[in-house]
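Here are a few exercises to work through with the model open in your viewer. Try each task before reading its solution.

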Amino acid sequence: MTGARDIRQTVIDLLPPATVAAVVAFWGLAPTRWTEHPLSIILMVAAVTIFVQALEWVAERHEGWRMNRREFATDLAYVVFNATVISWLSTHLAEDPLRAFKAWAGITTQWAMHMPFLAQVALVIVVIEFGQYWMHRAMHNTFLWYTHAPHHHLTQLNAMKGAVGNPLELLLISLSVVALFDLPLPALFCGLSVLTVVSTFAHANVRANPPAFYSFFFTTIRHHSLHHSTGYDETRTNYGNSLILLDRLFGTYREGEGVLVGQDDRRRLSILEQTMFPLRPAMEKIAARRGTAPEGGEAVAR
Ligand SMILES: [Zn+2]
Ligand SMILES: [Zn+2]
């Protein structure tokens with residue numbers, strides 16, 4: 001029966017690249033009345049999320065990461081929060097002003113409109129991921145850590161965990177300059193969908209280890225679980241949310257995999273604790289001045 005099991009594992013390993021291919025084919029080939037509809041991207045993100053979350057049932061990676069009701073309710077709340085509040089803030093505070101600036105400064109990038117579809121998709125992916133890589137790296141090396149630490153307090157990884165974190169972090173990581181480029185909507189949506197597929201698989205409790213033609217460029221659960229592991233040095237590698245190629249280029253790539261994930265004493269944080277986390281340094285300072293320890297405030301290790 002080893003043969004049947006091998007075939008099953010090969011199919012599972014090919015799921016991330018096959019999903020990327022299916023998503024690209026949809027945006028490239030479906031009628032424009034679908035691909036240019038503003039709701040289409042929301043439906044696509046929802047479909048990808050449901051698909052990968054469902055895979056955790058049939059192709060579990062680690063028993064210790066098994067989904068339960070509390071995790072599911074929390075993760076789902078963050079997915080909805082990202083799709084509504086964070087998305088609204090990001091549009092109105094960053095993208096709209098950026099587009100207004102572009103119009104005011106007379107910047108045009110019409111050349112991008114005339115590129116082949118796949119080149120446009122690649123442009124979207126590289127521009128967004130380049131920004132996210134440096135934002136993520138800065139979060140691990142500056143005061144911005146206090147916004148990102150809650151994401152590292154996760155004690156298990158699942159399909160929707162990429163959406164879980166401090167609201168300030170979620171807003172910061174959503175920022176990008178992609179609005180500066182003139183691009184057709186289907187190409188923009190395609191790039192966003194590919195990033196969703198890759199980053200969802202990279203957080204999911206799914207037993208897929210994609211082949212090198214995928215894992216050389218795209219982040220996998222192996223890469224990202226190492227980033228989430230309990231070792232300090234390991235968390236300062238593999239910053240690429242979806243494009244691990246950037247870690248290879250900028251010298252932060254590390255081979256390996258994490259099973260035990262979490263921060264400090266590996267205590268799971270509540271939504272309130274995650275939200276209030278950036279205030280910890282101030283609270284600790286006040287407590288130190290009063291000569292008392294802050295309530296629930298353990299030492300913060302990066
Ligand atoms: Zn991180
Ligand atoms: Zn993560």
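Helices here are DSSP runs of at least four residues, numbered from the N terminus. Keep in mind that this is a predicted model.

**Exercise 1.** Work out how R99 and E95 are placed relative to each other, and how they interact.

*Solution.* Start with the helix: R99 and E95 sit four residues apart in α5, so about one helical turn separates them. Next, check the contact: the two form a salt bridge, with the closest N and O atoms 3.7 Å apart. Then look at accessibility: R99 comes out at 39%, partly exposed, and E95 at 23%, also partly exposed. Finally, R99 has another partner, D96, again at 3.7 Å between the closest N and O atoms. D96 is three residues from R99 in helix α5.

**Exercise 2.** Find out which parts of the chain the salt bridge between K161 and E71 ties together.

*Solution.* First, the contact: N to O is 2.8 Å. Now place the residues: K161 is in the loop between α8 and α9, E71 is in helix α5, and so the pair ties together parts 90 residues apart in sequence. Both K161 and E71 are buried.

**Exercise 3.** Describe how the zinc ion (ligand 2) is held and decide what its geometry is.

*Solution.* List the donors: NE2 atoms of H151, H203, H224 and H228, at 2.1 Å. Then take the angles: they run from 86 to 164°, which makes the arrangement irregular. For tetrahedral, all angles would have to lie between 85 and 135 degrees. Last, check burial: H151 has 4% relative accessible area and is buried, and H224, at 3%, is buried too.

Conventions. Residues are numbered from 1 along each chain as its sequence is written. Chains are lettered from A and ligands numbered from 1 in the order in which they are written. This is a predicted model: local features need pLDDT of at least 70, side-chain atom pairs count only at pLDDT 80 or more; totals for chains, interfaces and linings use all residues. Side-chain values use heavy atoms; hydrogens and water are left out. Donors are N, O and S atoms within 2.8 Å of the metal (3.2 Å for Na, K and Ca); water is not among the atoms, so sites may look incomplete. Four donors count as tetrahedral if all angles lie between 85 and 135 degrees; four count as square planar and six as octahedral if opposite donors are over 155 degrees apart and all others between 65 and 115; anything else is irregular. Buried means under 20% relative accessible area, exposed over 50%, partly exposed in between (1.4 Å probe, protein chains only). A salt bridge is a side-chain nitrogen of Lys or Arg within 4 Å of a carboxyl oxygen of Asp or Glu. Helices (H or I, at least four residues) and strands (E, at least two) are DSSP runs, numbered from the N terminus.
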